[in-house]
Amino acid sequence: MTTVEHGKNSHPAPAAPTRPVRRPPGFRPSPTPRSTTSTAPGAPSGPGTAGESAATRVVAVVPLVGPVEATTAVAPVRPAGPAVERATVATPLPERPTVAAPVPGRTGAPAEQQTAVNRVDGPGAATTLVRAPAPAGGCPVTGHGRSGGHPPPPGVADERDPAPVDPAVAEEFLRQVHAETDPGTTLTDRLRQVRAEIDRTGTWTQTTHELVFGARIAWRNSARCIGRLYWQSLQVRDLRHLHDPADVAQESVGHLRAATRGGKIRSTMTVFAPDAPGRPGPRIRNDQLVRYAGHRAPDGSVVGDPGQADFTDHVVGMGWPRPQPAGRFDVLPLLITGPDGRSRLFDVPPDAVHEVPLRHPEHPWFARLGLRWHSVPAISNMPLEIGGVVYPAAPFNGWYLDTEVGARNLADTDRYDLLPEIAKRLGLDTRSVRTMWRDRAMVELVRAVTYSFDADGVTMADHYSESERFLTFLAKEEAAGRRCPADWSWIVPPMSGSQTPVFHRYYDEPDPDLRPAFLEPHGLRPPAAQA
C-alpha cells in the first residue's frame, strides 16, 4: 500500500453534513440475494426515511490544512435481546451513515449458535440468520475471545483482558505531541489530567488533536511503507464511540466510500473503540476490508485467491453462503469480533467496492481474461497503538503501487499465479527459466494494471516515481533530526528493483519499540500458532 501527492486543487470542497438516513420503527427488510452486478461507484443506494429522533454525534475528520470535514453518525437503537439477534446494517448513502434498526419479535437465542450474515443490496438491507454449530469453546476466531475460551499461548496478549496503560508511555507520547505541534494546552496541565485518568480507569482518552497526530506518526514510523512522504495528509475518521460489530461493519463500508471518491483515492484511517481494562475493543479479522475469496475445489486447486482460502473456509463454516458458481473475484464478508468475544459476518455492499477491469494497451485478448482488481487497499487487522492506548480496529488505506497488484497479487505462485497464462498468450517459450519468460510476462501484467487504472482515472503510484518520493521523505526526516527506519525488502519494488534509487543504499533498521505504531496483525489464530 502506498500514497502519492494529489494535485493542489484535486480535492473537492467538503460537503456539508447531511441528514442521517433513518428507518421507520419496526422496519425489517426481506432477505435479498447479493447482486452479481455492481452499481456505479458512489451512486446513491436508496432514499432514507425519517423515523424516531435519536441522539447524534458529530464525527470530525481532521485534515492537516483546510476546513474541518464532518459527517453525522446516529446512535443505533439497542434492542433488549442478545446481540446476535439484531439486524445490524442498513445501506448508507455515500458519506451518509445510517441507523440500524432492531429485528422485532426476537427474544432469545437458541442453544445452537446463529451467525448473522448481513447483506446490503441496493436500497434495502437484509439479515439472514444461518444456523451453524457452536465452536468448541470460546470465540470461533481466536478460541480465547470470551469467558470459557482457551487461554492464549505464552507471549500472546489476552484479548479478553487488555492491560492498563503504562503512564510513562503516555507521558512520552504527550511530550512528542507538545514538541512537534501546538495542542493549545500546557504540557504540565495535560500530564496531570492524563495521570489522574490512568490512576482512576487504567487508560486515558486522547483529544482529537492527539489522536490525529498519533495516527499520522504511526504512518510516518511504518518501516515497510514506501509512500510515507505525505503522512501529514492522512484523513482520520474519529469513531471511538463505536464498538458493536454492526456499527463497525457499517462504518467500515463508510470508510471505503469516503476513501474511494470515484477513483480519486484518499489516504484515510477510521479509528474505532480502544481496548480498555475489562473491556476489549472490536477487532476486524479480515486483513483488508476488500479481499477476494479462495474457493477450494475437490482436486485441491483454488478458484479465486489462494491467499484467502483458509479465511474463506472459516467464514463458510460460520454460515457465509458460498457464491454459486464460485468466481475468481467474489468479495469476502467482514468478520468482526465485538467486546463480548462473539464474531459476526457482514456482507460488503457491491456498490462500496470500486473495481477496475484489467486490459492491455496493445493486446485485445487481455480484456477477455476477465481480470479485475479493487481500488482501495484498506488494511484492517493491524492494531494501532498511540500513547499506550491500543485501537484494535483502525482500518487505513493509501493507494496501490502498480507492482503490488501486477507483480505480487496477480503474479505470486501462492496467489493468482497468472504468469504462465500470460506467457502462453504472449507466445513465450516457457520450457526454461533461462528464456526470462516470467520477467517478460510480469512486465506486461504490470503494464496492463497501470494502463487500466490510469484509463479509469483511479489513483495508482508507479514504482519508479514512488522510489524517488521515498528518498525525498528520507531527506526530510534526516533534516528534521529523526531516524527513518525502513525494511529494505519491502521498500525495494518487486520488479526492476535495481533500476530504482531505493535499491542502492542501506536504511536504519526497523525499531519494534518505536511508537506510535501499527502492531502485528491479529487474525484467525493466535500469532504463536501462525509461526
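Q: Where is the place of Gly214?
A: This is a predicted model, in which local features need pLDDT of at least 70, side-chain atom pairs count only at pLDDT 80 or more, and totals for chains, interfaces and linings use all residues. Residues are numbered from 1 along each chain as its sequence is written, and side-chain values use heavy atoms, with hydrogens and water left out. Helices (H or I, at least four residues) and strands (E, at least two) are DSSP runs numbered from the N terminus, and Gly214 lies in helix H3.

Q: Is Gly214 buried or exposed?
A: Buried means under 20% relative accessible area, exposed over 50%, and partly exposed in between (1.4 Å probe, protein chains only). Because its relative accessible area is 0%, Gly214 is buried.

Q: Which residues does Gly214 touch, not counting residues up to four places away in sequence?
A: Contact means heavy atoms within 4.5 Å. Ile386 is 172 residues from Gly214 in sequence, yet their C-alpha atoms are 5.7 Å apart in space. With residues up to four places away in sequence not counted, Gly214 touches Phe173, Ile386 and Pro516.

Q: How are H1 and H3 oriented to each other?
A: Axes are lines fitted to C-alpha atoms, for helices over the stretch in contact, and angles run from 0 to 180 degrees between N-to-C directions. Angles under 35 degrees count as roughly parallel, over 145 as roughly antiparallel, 65 to 115 as roughly perpendicular and the rest as oblique. Helix H1 (residues 167-180) packs with H3 at about 90°, their axes 11 Å apart. H1 and H3 are therefore roughly perpendicular.
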